[in-house]
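Have the model open while you read.

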Amino acid sequence: MVISGLLLSGYGAPDKDESVEDVMTRLVLIAFLFFAGPAITADIPPVDVPDTMGERVKACIACHGPEDKEGRDAYYPRIAGKPEGYLFNQLRNFRDGRRHYRPMGLLLENLPDQYLREMAAYFASLKQAFPPPEPLTSSPAEIKLARSLVTLGDPARKIPACVECHGKDLMGTAPFIPGLLGLPRVYIIAQFGNWQNGGLMRGQTPDCMSEIAKQLTTDEASAIAAWLAAQPVSETVLKHEGPVAALPGKLAKRCGSIVLHSGGPR
């Protein structure tokens, strides 16, 4: 009767992608908590937990801690200190199915835009930790190629320089473009692959970066990733000194989907 009641109330309603085993497992856990909860907590004094965003997002910190890390099913990047608009875009993309990773989709399901903005603002306000740069083992030709694409781009193929969007110091432009330094080479390569091929961790919806990535060869993407991962983060950036970079007008227009995606009604 308890399980039937839970189903009728919607707590056990199956997701369209869930198997029967997944649904039954969830119902058993809910029923256990329903009966065992009072007994388990009877002798535990109440805890006064402050109602702050920092407390609410502790579940996020379990995966997105101060360092990048690999899990059994995914790669978890650091999100502290990244631009607020960029974080908001990613949260909305996960929630609305434009970026595909089921656990994130479930966590963010039905959360309104305003709450996602508050989450993004909280993580953007945190100080970001950076690992030491990776050793650069590329050949001189690969290094020359990477530097050329990062600083000059390739106008003949309509590939802008990385610095045009991600800032001269490659640490991002407010509020929508993330930094490129302090990221592992394998992570950057994976993102290039997902943009080029529409992988599971990137949605199928075309955007500015996917169009640019598709113009790059595998060797070019690998050379850029290796070069970026080997660059140190300057003390100026760590101290948050200097003016905040802004996206140039022509690129703001070209990448308008990124900007417009972050505002307005859902």
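This is a predicted model: local features need pLDDT of at least 70, side-chain atom pairs count only at pLDDT 80 or more; totals for chains, interfaces and linings use all residues.

The angle itself is roughly 85°, and the axes of H8 (residues 140-151) and H12 (residues 218-229) come within 8 Å.

**Where H8 meets H12**
- On the H8 side, the contact takes in Glu142, Ile143, Leu145, Ala146, Arg147, Leu149 and Val150.
- H12 answers with Glu220, Ala223, Ile224, Trp227 and Leu228.
- Sort the residues of this contact by type and you get 9 nonpolar, 3 charged and no polar ones.

- Ile143, Ala146, Leu149 and Val150 are the buried residues of H8.
- Looking down the helix axis, those buried residues fall within an arc of 135°, so they line one face of H8.
- As a general point, an α-helix has 3.6 residues a turn, so residues three or four places apart point the same way.
- What do the buried residues of H8 pack against? Their partners are H12 and helix H9 (162-166).

**Length and what comes next**
- H8 has 12 residues, so at 1.5 Å a residue it should span 16 Å, and its end C-alpha atoms agree at 16 Å apart.
- Just past the end of H8, Gly153 adopts a positive phi of about 75°.

Technical notes. Residues are numbered from 1 along each chain as its sequence is written. Side-chain values use heavy atoms; hydrogens and water are left out. Axes are lines fitted to C-alpha atoms, for helices over the stretch in contact, and angles run from 0 to 180 degrees between N-to-C directions. Helices (H or I, at least four residues) and strands (E, at least two) are DSSP runs, numbered from the N terminus. Contact means heavy atoms within 4.5 Å. Ala, Val, Leu, Ile, Met, Phe, Trp, Tyr, Cys and Pro count as nonpolar, Asp, Glu, Lys and Arg as charged, and the others, Gly among them, as polar. The expected span of a helix is 1.5 Å times one less than its number of residues. Buried means under 20% relative accessible area, exposed over 50%, partly exposed in between (1.4 Å probe, protein chains only). The arc is that of the directions from the helix axis to the C-beta atoms.
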